[in-house]
Amino acid sequence: MSETGIPCLWMRGGTSKGAYFLARDLPVDPIARNELLLRIMGSPDPRQIDGIGGGDPLTSKVAILSPSSRPDADVDYLFLQVFVDQSLVSDAQGCGNILAGVGPAAIERGMVTVKGEETPVRIHMVNTGEVALARVATPAGKVSYRGNAAIDGVPGTHAAIPLMFQGIEGSMCGALLPTGNPVDVIDGIACTLIDNGMPCVVMAASDFGLTGEEGRETLEGMGDLRRLVEKIRLQAGPLMGLGDVTEKSVPKMTLVSAPTNGGAIRTQSFIPHRAHASIGVFAAVSVATACTLPDGPAQRLSSMPKDGRFLIEHPSGVAEVLLDQDPSGRILGAGTLRTARKLMDGMVFPSV
């Protein structure tokens, strides 16, 4: 396999980059598949110098596409996080940014037929079991990546890819609030343990002596902070029904503070050990939902929008989340807008 190469689409999805494969081109056995992906990405190595990974969790991601296993979807999408400096590949979470590239990739690979100027693609997110609807620009019968949509964290403008989600409440934990509480206290820190598409632990930055304005590099250099956040994460995992999360990439740890740029709330995230340059799509949905919960750290610090359009501030800009709520405030669905771009289509050659 290493001599002939493996078909691969290298794409930017949202604020991440990853390798998109067809399942038929990879080993069926998960252990063999993961070992191959480590060699493709160049892990474990902080620089991933002997692979195509970019030395950062945001650029060491994989999407595996296969024919849909359910009648209400067009394609199955399995997300895998390839750790940079560990021999570890995790399917413990989904990724809404890489999800943005699944619709275009499925059309590029002939898995979905173009329907007109815009092609809807129903995506079964295998990691969590839900279905997302992506709308992909397909003028002239093929995917177009050109457009006027801009997302923070990505230079320039590209074709908009609206993503809508339903049924993501309790995606991995079985309930929106797996402990049944809007607030739990762990090591003296008030936490909202929440899962509306992504298991997150939401905490006030001020409880850690932070202003919320610290940059990614500053957070990366605060060893005591990172150790305390990890200590809380390891306790939150079992409370959220995730078991021992020592070698898992969830829950995501999110510090919140009052917005400074007209948004609903400001965030600083760990994914889970490295400081995030932005925020993941599903994590943004979970944080927006946390803003609606009474007495939680997010609700206390947020500036609530009147139209359900939550602008989640992060170190690289703003992520937009639309929450569809019923009169009682229950979240019925969530949406966001992403962009994607094909960067390379060819053969990848893993190390031997």
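## Aromatic pair

Phe 282 has a relative accessibility of 4% and therefore counts as buried, the limit being under 20%. The model described here is predicted. Phe 165 is buried as well, because its relative accessibility is 1%.

The structure contains 1 aromatic pair. Its members are Phe 165 and Phe 282, with ring centres 4.7 Å apart and an angle of 55° between the planes, a tilted arrangement.

## Helix H1

Helix H1 covers residues 30–41, 12 residues in total. At 1.5 Å a residue it should span 16 Å, and the end C-alpha atoms are 16 Å apart, which agrees. Just after H1, Gly 42 adopts a positive phi of about 90°.

The buried residues of H1 are Arg 33, Asn 34, Leu 36, Leu 37, Leu 38, Ile 40 and Met 41. Their cover includes strands S1 (6–13), S2 (16–22), S3 (61–67), S4 (75–82), S5 (89–90) and S17 (340–348).

## His 158

His 158 lies in the loop between strand S7 (130–137) and strand S8 (161–166). This histidine counts as buried because its relative accessible area is 10%, where the limit is under 20%.

Leaving aside residues up to four places away in sequence, His 158 touches Tyr 145, Arg 146, Gly 147, Asn 148 and Ala 149, along with Arg 12, Thr 339 and Arg 341.

Definitions and conventions
Residues numbered from 1 in each chain as written. Predicted model: local features only at pLDDT ≥ 70, side-chain atom pairs only at ≥ 80, totals over all residues. Heavy atoms only, no water. Helix = DSSP H or I, 4+ residues; strand = E, 2+ residues; numbered from the N terminus. Expected span 1.5 Å × (residues − 1). Buried < 20%, exposed > 50% of the residue type's maximum accessible area, 1.4 Å probe, protein only. Contact = heavy atoms within 4.5 Å. Phe/Tyr/Trp six-rings, centres within 6.5 Å; stacked < 30°, edge-to-face > 60°.
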